[in-house]
Amino acid sequence: MTIQKISDAEWKVMHVVWRLGTVTGNDVIAEIVPETGWNPNTVRTLLVRLGEKGILHVEKTRGKEKDYPTLVYTPLYSQEECIAVHGQNFLERVFEGDTSKLLVHFFKDGSLTPEQIAELRKQLNELEQ
């Protein structure tokens, strides 16, 4: 599967789209602008780019107000699919493809909660069986 590179800003937009499902630009703006302080046009530009990259399906519909067209965005890939592709790329670039180096890094830097560590243990135990 080939999924084009997603920038950090585009990931922020995609997290909103995955959480909400099919969205309009205004839906994403309402979620992201208060958190980031971005200009609404920046969010619209990111949505357009994600559409051009084939990560979002873009459909033009008739809006309710004055019959202006509204763009509706639907993800073409799940969050899991994008993480699988981009996570592997990150792993190769930063940790030379060594998953254990990645895990050790997060254990050592203390950024994992006890709940996350318990979940990792559970997953590792399942893999061993």
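Reply: Start with Phe90, which counts as partly exposed at 34% relative accessibility. Buried here means under 20% relative accessible area, exposed means over 50%, and partly exposed falls in between, with a 1.4 Å probe and protein chains only. The model is predicted, so local features need pLDDT of at least 70 and side-chain atom pairs count only at pLDDT 80 or more, while totals for chains, interfaces and linings use all residues. Numbering runs from 1 along each chain as its sequence is written, and side-chain values use heavy atoms, with hydrogens and water left out.

Now take the partner of Phe90. Phe95 has 12% relative accessibility and counts as buried. The structure holds 2 aromatic pairs. One of them joins Phe90 and Phe95: the ring centres are 5.9 Å apart and the planes stand at 70°, so this pair is edge-to-face. Rings of Phe, Tyr and Trp (its six-membered ring) pair if their centres lie within 6.5 Å; planes under 30 degrees apart are stacked, over 60 edge-to-face, and the rest tilted. Trp11 and Trp18 make an aromatic pair too, a tilted one, with 5.9 Å centre to centre and 55° between the planes. Trp11 and Trp18 are both buried.

A contact is a pair of heavy atoms within 4.5 Å. His86 sits in helix α4. Its relative accessible area is 16%, which makes His86 buried.

Next comes the loop between α4 (79–95) and α5 (99–108), where Glu96 lies. Glu96 is not a glycine, yet its phi is positive, about 55°. Most residues other than glycine have a negative phi. Glu96 counts as exposed, at 64% relative accessibility.

Leu127 belongs to helix α6 (residues 114–128). Leu127 is exposed, with a relative accessible area of 69%. Thr42 belongs to helix α3 (residues 40–52), and at 35% relative accessibility Thr42 counts as partly exposed. Leu127 and Thr42 are 85 residues apart along the chain, and 43 Å separates their C-alpha atoms. From Thr42 to Val17 the C-alpha distance is 16 Å, over 25 residues of sequence.

Step back to the fold. The protein chain has 6 helices and 3 strands, in the order α-β-α-α-β-β-α-α-α. Helices (H or I, at least four residues) and strands (E, at least two) are DSSP runs numbered from the N terminus. The C-alpha trace spans about 60 × 30 × 25 Å along its principal axes. The chain's radius of gyration is 18 Å, whereas a compact globule of 129 residues would have one near 14 Å. That radius is taken over C-alpha atoms, and the globule rule is 2.2 Å times the number of residues to the power 0.38.

Burial covers 22% of the 129 residues. Of the contacts between residues at least 6 apart in sequence, 46% join residues at least 24 apart. The chain exposes about 9,000 Å², with carbon and sulfur atoms supplying 52% of it; areas come from the Shrake-Rupley method with a 1.4 Å probe, and for residues only the protein chains shown count as cover.
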